[in-house]
Amino acid sequence: MSETAELISVESVTRRFPMDHSYVNALDQASLRVCAGEFLAISGPSGSGKSTLLNLIGCIDKPTAGCILVDGVDTSSLKPNRMTALRREKIGFVFQTFNLIPVFTAAENVEFPLLVQGVSVGERRKRVAGALESVGLSARANHRPDLLSGGERQRVAVARAIVHCPALVLADEPTANLDTKNATQLIDLMHDLNRRLGLTFIFSTHDARLLEHTDRIVTLCDGQVVSDAITEGGSHGQVLASRLS
Amino acid sequence: MGKFLLLAFRNVFRNRRRTVMTLLMVGGGVAGLLLAGGYFAFMTHGLRESTINNGLGHLQIFTADYFRRDEVRVLDTGIENWRQVAANVGSVKHVRGVAPRIDFYGMVSNGSKAAGFMGSAVDPNAEKSLGFVTNVVSGRDLDPRPTGEVEALIGVGLAKSMSVKVGDGLTILAMTSDGALNGVDVQIVGIVNSGVAQLDARYIRITLPAAQRLLSSDRVTNLVIGLDATEHTDQAYAEILPRLHGMPQELTLKKWIDLATYYKQVNTMFNGIFLFMGVIVFFMVLLSSVNTLLMAMMERTREIGTMLAMGTPRAWIVALFMVEATLLGVMGAVFGLVAGNLLGALLNSSGLHLPPPPGYTHDMPFKVLHVPAMMIGSSVLVVVSLALASILPAVRASRLQISEALAHV
């Protein structure tokens, strides 16, 4: 896939959740296109639909209306096992609360997606070492999460998300539990991985200080995309501008 | 697979207090079953051997008519050529000896008082050769050598009701094989206690020749065969049975288990109690484990959501919970086996005795047998219980909505 090929296409997506005796639209006719290799932030206040959008792109939820294409595959019509396979092969996840398996060491946590994919032991070992090295945690490989700092845990989570070379890494508020220094370092790390490895990153945040580290900022409000801006240095400005027009 | 098992193993020890409590419960169930089952096994094994050694023997030969019809006259269903049969059977492997017996009934009197009796006529030498134990509480056993006096052993209850003691004389009356009434004076040489009060109240034992004279018959009721070990019963049965064919009379061979009615009743009762206990332990382990595993599942909701988000097949989540529960079951079973056997050994060395059961006059030693089959059965029971208990939490975990699981607090 070329760097500018379209990876994600969100077409007029609505996600409605039941609430008491009525419904609430977490996303309302939202549209978005993301090219391979982008480093994109989704911002907006709490309740604006950031996590819902990431869940839909990440194939862990299905839209009420509209369609989402991931690498050309319409996920709204996929059967559950195909959705699972798509997540396993093409998507890496980073969560706000790290979500590491506490009884596994850092290396074992990073190894888990490869285990699920059925990668051989030797290959797993090699890739885990590479992923941990890329996040600067080779020395902490045999530590369990409770012996790691918050920043280190999130870096392990990033290593876990990239170890199987996914087409897309989704990070839902990855810096929410980190102080400013660690948060900035994490965003810079993800950005570095984006540049070095060509991985597509989409992360949500409501921390305005981190947005200056991104190439593109999509802002949501009340479930709708209210702005889609290319920041200075954004690598795909012209392409995106043409797609969004 | 190795990492997957490692994850399951580590998850078991995630909440150590809860794991210890579960292991105590599962292990306690296994230990309880082993102790109860071991005690029942001791009781039934003891009852089996005492039933055999108190005179039942391992095998008995009767005429076929003995089971087909009631006797019209004394010993008319008895074995005629019993010496030939005994000699033929006595050479079979594992046979320790053959003892002829006559069962007879009648009245006993001391001149002022009379009572009904159940008589047994034996060859004292043959009985001794088979190791049959006669519990003589006063006096001595029957003398195998013919003497002028007819010697008799009587039950302790009968001696009490007739107000007689060793050295006293009694007259016993019985119908002969011709239908006539015959009597013989006997001298009491010993008082016996079989341990069964109802039997001791009516029991008289005399020698075989004396009984044959009393009953005017050369026949015997049956031939009792003693083996070197109870475990050889089936083998000896298979070897003896063909030798009984071609005899002038149609003969039947019975195993001890076919004749030990009381043993079978007790065994059935113990099996029933043990089964009931097993059912209780099964449900106890099942219900409490379901609760424990559901709690573990709730605590790990977000983690399960993360694993599902990463593309872990739902079947893996089911398998993970079932493997964890099975591991718990295996560890609980091992703990229970160790605890049960140690407690059993401790009880065995303590010399505890229990009061006599109804109908018995001796107190019972409290012993626990270590039965391998019971250890395997109890272990399998709890492991299966745990595996079954994990199905509900495992299925629930695998069906979690990923987005909801990830948002779980």
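The largest nonpolar core has 115 residues, and Ile57(A), Ala159(A) and Ile202(A) have the most contacts inside it. A nonpolar core here is a set of buried Ala, Val, Leu, Ile, Met, Phe, Trp, Tyr and Cys residues joined through C-beta atoms within 7 Å. A residue is buried if 20 or more other C-beta atoms lie within 10 Å of its own, exposed if 12 or fewer, and partly exposed in between, with C-beta atoms placed from the backbone. The largest share of this core, eleven residues, comes from helix α2 (residues 16-56) of chain B. Helices (H or I, at least four residues) and strands (E, at least two) are DSSP runs, numbered from the N terminus. Ile57(A) touches Ile8(A), Val10(A), Ile68(A), Val70(A), Leu170(A) and Ile202(A), leaving out residues up to four places away in sequence. Two residues are in contact if their C-beta atoms, placed from the backbone, lie within 7 Å. Another core, of 59 residues, lies apart from the largest one, and Val95(B), Ala126(B), Ala152(B) and Leu251(B) are among its residues.

The model is predicted: local features need pLDDT of at least 70, side-chain atom pairs count only at pLDDT 80 or more, and totals for chains, interfaces and linings use all residues. Residues are numbered from 1 along each chain as its sequence is written, while chains are lettered from A and ligands numbered from 1 in the order in which they are written.

Val95(B) belongs to strand β2 (residues 95-109) of chain B. Val95(B) counts as buried because it has 20 C-beta neighbours inside 10 Å. Its contacts, apart from neighbours within four places in sequence, are Val89(B), Gly90(B), Ile225(B), Leu227(B) and Ala236(B). Tyr105(B) is ten residues from Val95(B) along the chain, and their C-alpha atoms are separated by 30 Å.

Helix α8 (residues 208-215) of chain B has the buried residues Leu208(B), Ala210(B), Ala211(B), Leu214(B) and Leu215(B). These cover an arc of only 160 degrees around the axis, so they sit on the same side of α8(B). The arc is that of the directions from the helix axis to the C-beta atoms. An α-helix has 3.6 residues a turn, so residues three or four places apart point the same way. The buried residues of α8(B) pack against β2, β3 (114-122), β5 (150-155), β6 (169-175), β7 (181-192) and β8 (203-207) of chain B. Ser216(B) follows α8(B) and has a positive phi, near 55 degrees.

Helix α2(B) packs with helix α11 (residues 261-299) of chain B at an angle of about 175 degrees, and their axes are 10 Å apart. Axes are lines fitted to C-alpha atoms, for helices over the stretch in contact, and angles run from 0 to 180 degrees between N-to-C directions. α2(B) and α11(B) are therefore roughly antiparallel to each other. Angles under 35 degrees count as roughly parallel, over 145 as roughly antiparallel, 65 to 115 as roughly perpendicular and the rest as oblique. The residues of this helix contact divide into 15 nonpolar, eleven polar and two charged. Ala, Val, Leu, Ile, Met, Phe, Trp, Tyr, Cys and Pro count as nonpolar, Asp, Glu, Lys and Arg as charged, and the others, Gly among them, as polar.

Val368(B) lies in the loop between β12 (364-365) and α14 (372-389) of chain B. Val368(B) is buried, with 22 other C-beta atoms within 10 Å. Beyond four places in sequence, Val368(B) is in contact with residues including Leu35(B), Gly38(B), Tyr39(B) and Phe42(B).

The two chains also touch. The contact takes 20 residues from chain A and 16 residues from chain B. On the side of chain A that touches chain B, α2 (80-90) and α3 (106-117) of chain A each supply at least two residues. The largest share of that side, six residues, comes from α3(A). By class, the side of chain A has eleven nonpolar, four polar and five charged residues.

Helix α12 (residues 301-309) of chain B has buried residues, among them Ile304(B), Met307(B) and Leu308(B). The buried residues of α12(B) pack against α2 and β6 (91-94) of chain A, together with α13 (314-350), α15 (391-398) and α16 (402-406) of chain B. Phe98(A) is found in the loop between β6 and α3 of chain A. Phe98(A) is buried, with 23 other C-beta atoms within 10 Å. Its phi is positive, near 70 degrees, although Phe98(A) is not a glycine.
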